[in-house]
Amino acid sequence: MFEKTLTDLIRGIRANKRNESKYIAACLQEIRQEVKSSDPDIKSNAIAKLTYLQMLGYDMSWAAFHVVEVMSSPKFFVKRTGYLAAAQSFQQNTDVLMLTTNLIRKDLASAQPLDIAVALNGLSHIVTPDLARDLSQDLVSMLTHSRPYIRKKVVLMLYKVFLRFPEALRLSFPRLREKLEDPDPSVVSAAVNVICELSRKNPKNYLALAPQLFKLLTSSSNNWMLIKIVKLFAALTPLEPRLAKKLLPPLTTLIQTTPAMSLLYECVYTVIAGGFLEMSGDQGPALAAMCANKLRIFLEDSDQNLKYIGLLALHRMLPEHTKSVAENRDIIIECVDDPDFSIRMRALDLIVGLVNRNNLIDIVKKLMSHLLPSNTGDKEGDDADDETAKPLQHQSVTVLNDPNYRLDIIHRIVHICSQNQYANITGFEWYMAILVDLTYIAGVNAGDLLTSQLLDVAVRVKSVRPYAVKIMSGLLNDQAFLDKATLPDSNAEVLYAAAWICGEYCSYLEDIPATLERLLANGVTKLSPATQALYVQNILKIYVYWVSTLVYQWDAEVQQEFLNVTQVIKEKMEAFCRSFDLEVQERASNAREIFSLVLSRMQNDANFASTNSAFLSALSTLFFTYELNPVAPKAQSKVPIPEGLDLDAWINEPLPESDKELNLDNLVLEGDGKRKHRKSKKGKKGKKAKAEESSEEDEELVAQRRAARLERLKLDPYYIGADTSTQQRLQKETAAADIDVDSIPVVKLKLGDVDLKSLQVEEQRKANKKSGGKKSSKTTRVVADSTPIVLAEEDMPDNVTLSGGEEEAKRTSNKVIELPKKSKKGVFDSDYSDLGAVDLSSPLREDEQFPNVRAYASPEESRRQEEEKIRLQRLAELQYTGEDVAITRKPKKIKKSSKNNGTTTADGAKKTKKVKRKSTSETLESPAAAYPSLDESPGKKSTTRNGNDRSFVSERLQAFADDNLTISYELSLDAPSASDICIVCALQVLNASKSILKGVRFNFPQSFDFQVVKGSASPTGASDLSLDDDVQPGASGDLIAKFKVSGNPRIGLCIRGDVRYSTNAAKKSNIEIPIPVSMFMTPIPRLEPQAFADLLTNTDEFAYAGATQFPIKSVNQASTEDALRQALQTVTQLTRLQIVEIVPGAASLYGQTCQDYKVAGLVKYSAGSDDGGLTMNLDLKCSDEDFLKGLIREVEEAFFA
């Protein structure tokens, strides 16, 4: 009467902010008492409060049975509370869900629509595969309900049923199809919605619905349903291209008339993405223009979401209909300035695709405005119109944007200017100025990109070289830029390009001594070693060119200037000679010696110019004999192979091997490719003696080879030998030398080449059409006034002509190919691949029917069975230690059986009575210790090492048998680490014939799952294994083979091979050795229950789940305890899982494999409803799906065999 209501609970929590946890703990204690009340209103109120606390993070799984009781109440408000709590708290593995089948069926058959509605709503959240299977027939029959409200909910509920029970889709699809013609529009809308979602799994199944859907498309006025139909047709059109012609008129009508923005976008996007523009023929350009105009409405809208999806749709149109998209260039450029970062990036993607020769300068100017202040950007635009444009005189630029964003802008500018081999650039002087401007952007490290562009343009375009030298020399003269070279984002790498261009094209330098002085400035030593080395090299090149120009105008004044410059260069070259980089030292030392040689000759000879003119002129031939031109991309493939040149022959004969190593040839190659040792003169020996002799010979061979190799390496002048005083280093080198290179596996990787020719031809044709249009006055003036572009000829081999494909490739443009992104599975995503595998094209067969509904007991009968189950679960608490049995309850007396049974049950009971009752402390020992360990497995032997370390050894099984021989095997696991897992197979060949078995040989070819470990099957590492001796009748021979596991444990894992032998004739038979997945279980220390519970909280460790159910066979009531114990023992022996904890009616299991897979299990006992027998449920969770399926298969084969 005075219980707190939900409102009181919420008010109390708000009033006890400081002691909230304490207040909630007190409320939970009250709720635990209230849920036990017989009053349904009190119990419903308690469940409502518990549901609210569950939303705050408190566990309510302990009240699952009470939730079911509230769900079964006849009162609607109480029932609604129960279904709400179930939807909020029940999981797929909740045990009490099996009790809800009958009450949900009862609610579905209720005469009250509200009861049906609340049951359907709750079922949609808690449906499991079992519930979907048992209730699918009831739901399908409700599709003819008299109330449209119920029919609509049933249609939507069927989608959840199909996800959990895909087989119901084929059985109920004809009835679902009828709902497309239901008189109520809400039912039709629900059916369309379900079919649209199902088509995402397999659209081909729903092609037959095209006529009905087309009728709805042309007659319905429900915008939301039309959106679903349009989406559905977008998925069906690629499968049936003829639909495009049929759908084009209604879609065009909708685009032109609908005021709904959502429907308009879906229609436009379907036309674009569904291929309607390409399939519409001559109407394609007009349709594309209409779509582009409609998308402009989205871009002009103030809603940011509409603007974003409009940009996405335009980007989808861009590759094929660039002209239509370009008509909206003004509004797209405005979107570049949008404060929303995502809209800005989408607009930039469109801007990059719209670039051509006419608008390149304007677009680059717009992009530059995001990097530089507005006044600087304007100055840049003015300079761009002048052919003698100079780079901006930059000062410290204020960082206005995010560095990553500015770096992206720079990459976009370079991309749009350099694409298609600079096809869009009309004046390269302008582009060189842009690159220099980008160099001065502070806070962005794009030096490597800008350097490569500067070098590429200077090499390819001859006409731009004078201007390039001019602005590069200005960059070298910028002392402020050099002072900031040590900053991480200074773009100092551009100085590399500046020095290279000034050195390579030094003939365009205006003041060579001044340039040399800047290259020798004090701050140059702060640059990177690569840049310093290039500086030294180009100082020498510029100096040599300068000297060659002075020879023809030599006089006293020139000679004095020459002497001063040479002396200064030599002195400042000392700074480079002291560099820590080896290449810089070497280049500087060589240059310094050349300067010293020139100075020494000049000081010793008064008539230096007349006597040494040839010497000075010869220096220029070291650097300027040949012109440096770009190499054609296919120049190497065009080089013909000279006659008489064999590329596979040795250029120089290899060094001969020493005589000592040649004498070590103790191996003979036989016809089958195997290597065998020569037979000893002493004759045959025993197997053990032969094995020892073989191992000794192998060790001797290895030692002899090592010594011979080291002796040969000593004579090799290119081999740096090890220090003899360092014994450890010598051992490492000799160990590395022993590696057999031939045994290293070589994997041939085949990378698919992307053929761009077919993608380039069409786009280039469209670009050619666009180039014929009007040009803006501003752009036309720039093109007319700029210096004519002269490109450097690409170097190719002599007498080579381009093929037709290459001529076409030079005229085509590149197209960006976006690699598909790897989809990532979300946290709430489930695998519904089985639903997509359902085939709806074929009619139903006679045997295809809904499964028989399992009979569930009433709530009263369920309560009685629960009490009986609890009584049976108590039997699992019995403790078994050794051979003595401590029974906590007196067993019933059973009459003696017949004499044929051997020992009787009564005798067994008497023996039990003789056992002394143990103390309470002994009876309450750990439940897991009472059950036999894995060492007692009759079918799987184990050897104990260091306590819990037990390695798997199987029993001997038969692999092959015929009239001549029987082959058996025994498996064992050798797994020192997770990356080195091996299976040792002990084979035994038994001669079952009356003749002598000769030449018994096994062959195990390498597979994706196993490969023979070298030295196990044969001394040569081959996959053959043979008996050394013949097998006499009735005798047997043993062999050992070791296989490295490279595949994952799964169902059907086996070692395949063949055996060859001869009696009177040669024979060959195939053998197969199955590998159980349980053999990969590795022994681990016993896990405590608390640690096991903490481990289960990490769902990533147990991503896959599986379950199986099997009956427990028992002879009579007295043997029920033994049956439970024996069943649990069998499960642990089969799965090699250890028992963590035993609770009434259940036991938890845990194990780990040598591949570091973790397995958790739960064993539950339940009483059958018909014959009163026992049933065991085994639920397993694992971090690997294939291993989990294999483990469940082994258990099922053992209990259902």
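Biologist: Which side chains meet in a salt bridge with 3.3 Å from N to O?

Modeller: Side chains of opposite charge can pair when their charged atoms come close. In this predicted model, the side chains of Asp1179 and Lys1164 meet in such a salt bridge. The pair links distant parts of the chain, with Asp1179 in strand β21 (residues 1174–1182) and Lys1164 in strand β20 (residues 1158–1167), 15 residues apart.

Biologist: Is Lys1164 buried or exposed?

Modeller: Lys1164 is buried, because its relative accessible area is 18% and buried means under 20%.

Biologist: How many salt bridges does a search of the whole structure find?

Modeller: The search finds 34 salt bridges. One of them joins Arg296 to Asp330, with the closest N and O atoms 3.1 Å apart. Arg296 lies in helix α17 (residues 284–300) and Asp330 in helix α20 (residues 329–336), so this pair ties together parts that are 34 residues apart in sequence. Arg296 is partly exposed at 22% relative accessible area, and Asp330 is partly exposed at 42%.

A further salt bridge is formed by Glu1088 and Arg1086, where the closest N and O atoms are 3.6 Å apart. Glu1088 is partly exposed, with a relative accessible area of 47%, and Arg1086 counts as partly exposed at 36%.

Biologist: Which residues are linked in a network of salt bridges?

Modeller: The network links Arg346, Asp349, Asp408 and Arg412.

Biologist: Which residues of α8 are buried?

Modeller: An α-helix has 3.6 residues a turn, so residues three or four places apart point the same way. In α8 the buried residues are Leu131, Ala132, Asp134, Leu135, Ser136, Leu139 and Val140.

Biologist: How is a residue in a loop to be read? Is Ile441 buried or exposed?

Modeller: Ile441 counts as buried, because its relative accessibility is 2%. Its place is in the loop between α25 (428–439) and α26 (447–460). Leaving aside neighbours within four places in sequence, Ile441 is in contact with Leu371, Leu372, Arg406, Ile410, Asp489 and Asn491. The C-alpha atoms of Ile441 and Leu407 are separated by 9.8 Å, although these residues stand 34 residues apart along the chain.

Biologist: Which residues make a nonpolar surface patch of about 330 Å²?

Modeller: Ile641, Leu645 and Leu647 make that patch. Leu647 lies in the loop between α35 (613–620) and α36 (659–662), and it counts as exposed because its relative accessibility is 62%.

Biologist: What may be said of the protein as a whole?

Modeller: The protein has 48 helices and 21 strands. Of its 1201 residues, 43% count as buried. The accessible surface comes to about 66,700 Å², of which 51% belongs to carbon and sulfur atoms. Among contacts between residues at least 6 apart in sequence, 69% join residues at least 24 apart.

Note on methods. Residues numbered from 1 in each chain as written. Predicted model: local features only at pLDDT ≥ 70, side-chain atom pairs only at ≥ 80, totals over all residues. Heavy atoms only, no water. Patch = residues over 30% accessible without salt bridge, like charges linked within 9 Å, V, L, I, M, F, W, Y side chains within 5 Å. Areas by Shrake-Rupley, 256 points an atom, 1.4 Å probe, with all protein chains shown as cover. Salt bridge = Lys/Arg side-chain N within 4 Å of Asp/Glu carboxyl O. Helix = DSSP H or I, 4+ residues; strand = E, 2+ residues; numbered from the N terminus. Buried < 20%, exposed > 50% of the residue type's maximum accessible area, 1.4 Å probe, protein only. Contact = heavy atoms within 4.5 Å.
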